[in-house]
Amino acid sequence: MENLLHNISQCTICKACLPLGPRPVVTAHIKSKIIIIGQAPGTKVHDSGIPWDDQSGKKLRQWLNVTEEQFYNTENFAIMPMGFCYPGKAKTGDLPPRPECAPQWHEQLLDKMPNVELIILIGAYAQKYYLKESAKRTLTETVGDYKEYLPKYFPIPHPSPTNRFWRSKNPWFEELVVPELEKQVKNILKE
């Protein structure tokens, strides 16, 4: 695992497309129990090198009902975004994650984590990549049918502040789905 993480840290596969240059942000441990697969780091995470070190991360930890200490313990959580580096700015929000990362690195990482009990798929990019044809037409439908993907996958929306509108339109997510997510995480981490 250490060699693989070192190789990833040296990756320059899409260097020419990255406005701030490569800085892969990924954490994993051979004992990781839960994998979080999000989109790609934002500028704050690019600067700090710490995954989910922003407002989205605060909201995500709230949804998972875990402390920062639990969250950043790689024996609990591996953090493996669809794109490991900041992809650049779009008109609204950031550009999509670079398409090179997941095919290049995900399978190698997954092969080194035999104890994974749950993979949390955050946002449409991760859900489409991993759920393939079983993903629904929209993220809302996929998240609404989260039970269909258990026990392996748990699809959720992105916890970004820019997703406030989606959350206000879909109050069932925080009322019904988040408590189930908390329960799944708690059961896995207490083992």
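Biologist: In which hand does helix 1 pass helix 5?
Modeller: This is a predicted model, and the description that follows concerns the arrangement of its atoms as predicted. In that arrangement, the crossing in which helix 1 passes helix 5 is left-handed.

Biologist: Are helix 1 and helix 5 roughly parallel or antiparallel?
Modeller: Helix 1, covering residues 2–9, packs against helix 5, covering residues 101–111, at an angle of about 165 degrees, and their axes are 11 Å apart. Angles over 145 degrees count as roughly antiparallel. The orientation of helix 1 to helix 5 is therefore roughly antiparallel.

Biologist: Which residues of helix 5 make the contact with helix 1, and how many residues of the contact are nonpolar, polar and charged?
Modeller: Helix 1 brings Leu4, Leu5, Asn7 and Ile8 to the contact, while helix 5 brings Trp105, Gln108 and Leu109. Sorted by class, the residues of this contact of helix 1 with helix 5 come to five nonpolar, two polar and no charged.

Biologist: At what angle do the axes of helix 3 and helix 9 cross, and are the two helices roughly parallel or perpendicular?
Modeller: Helix 3 spans residues 55–64 and helix 9 spans residues 172–189, and their axes come within 7 Å while crossing at roughly 75 degrees. Angles of 65 to 115 degrees count as roughly perpendicular. The relation of helix 3 to helix 9 is therefore roughly perpendicular.

Biologist: How many charged residues are there in the contact of helix 3 with helix 9?
Modeller: On the side of helix 3 the contact is made by Lys59, Gln62, Trp63 and Leu64, and on the side of helix 9 by Phe173, Glu174, Val178, Leu181, Glu182 and Val185. By class this contact of helix 3 with helix 9 has six nonpolar residues and one polar residue, and its charged residues number three.

Biologist: Is phenylalanine 173 buried or exposed, and which residues does it contact beyond its neighbours within four places in sequence?
Modeller: Phenylalanine 173 belongs to helix 9, and because its relative accessibility is 1%, phenylalanine 173 counts as buried. With neighbours within four places in sequence left aside, the residues in contact with phenylalanine 173 are Trp63, Val143, Ile156, Pro157, Trp166 and Val178.

Biologist: In which loop is tryptophan 52 found, and what is its phi?
Modeller: Tryptophan 52 is found in the loop between helix 2, residues 43–48, and helix 3. At 10% relative accessibility tryptophan 52 counts as buried. Its phi is positive, in a residue other than glycine, with a value near 55 degrees.

Biologist: What is the phi of lysine 132?
Modeller: Lysine 132 has its place in the loop between helix 6, residues 124–131, and helix 7. Although lysine 132 is not a glycine, its phi is positive, at about 50 degrees.

Biologist: Is the peptide bond from leucine 150 to proline 151 cis or trans?
Modeller: Proline 151 has its place in the loop between helix 7 and strand 4. For the peptide bond from leucine 150 to proline 151, omega is near 10 degrees, and the bond is cis.

Biologist: Which residues does lysine 152 touch, not counting those up to four places away in sequence?
Modeller: Lysine 152 lies in the loop between helix 7, residues 139–144, and strand 4, residues 153–156. The C-alpha atom of lysine 152 is separated by 13 Å from that of proline 114, which is 38 residues apart along the chain. Once residues up to four places away are set aside, lysine 152 touches Leu118 and Ile119.

Biologist: Is serine 160 buried or exposed, and which residues is it in contact with, leaving aside its neighbours within four places in sequence?
Modeller: Serine 160 lies in the loop between strand 4 and helix 8, residues 164–169. Because its relative accessibility is 13%, serine 160 counts as buried. Leaving aside neighbours within four places in sequence, its contacts are Ser56 and Arg167.

Biologist: What is the radius of gyration of the chain?
Modeller: The secondary structure of the chain comes to nine helices and four strands, in the sequence pattern α-β-α-α-α-β-α-β-α-α-β-α-α. The chain is as compact as a globular protein of 191 residues, because the globule rule gives 16 Å for that length and the radius of gyration is close to this, at 16 Å.

Terms used
Residues numbered from 1 in each chain as written. Predicted model: local features only at pLDDT ≥ 70, side-chain atom pairs only at ≥ 80, totals over all residues. Heavy atoms only, no water. Axes fitted to C-alpha atoms, helices over the stretch in contact; angles between N-to-C directions. Parallel < 35°, antiparallel > 145°, perpendicular 65-115°, else oblique. Left-handed = near helix turned anticlockwise from the far one by under 90°. Contact = heavy atoms within 4.5 Å. Nonpolar A, V, L, I, M, F, W, Y, C, P; charged D, E, K, R; others polar. Rg over C-alpha atoms; globule rule 2.2 N^0.38 Å. Buried < 20%, exposed > 50% of the residue type's maximum accessible area, 1.4 Å probe, protein only.
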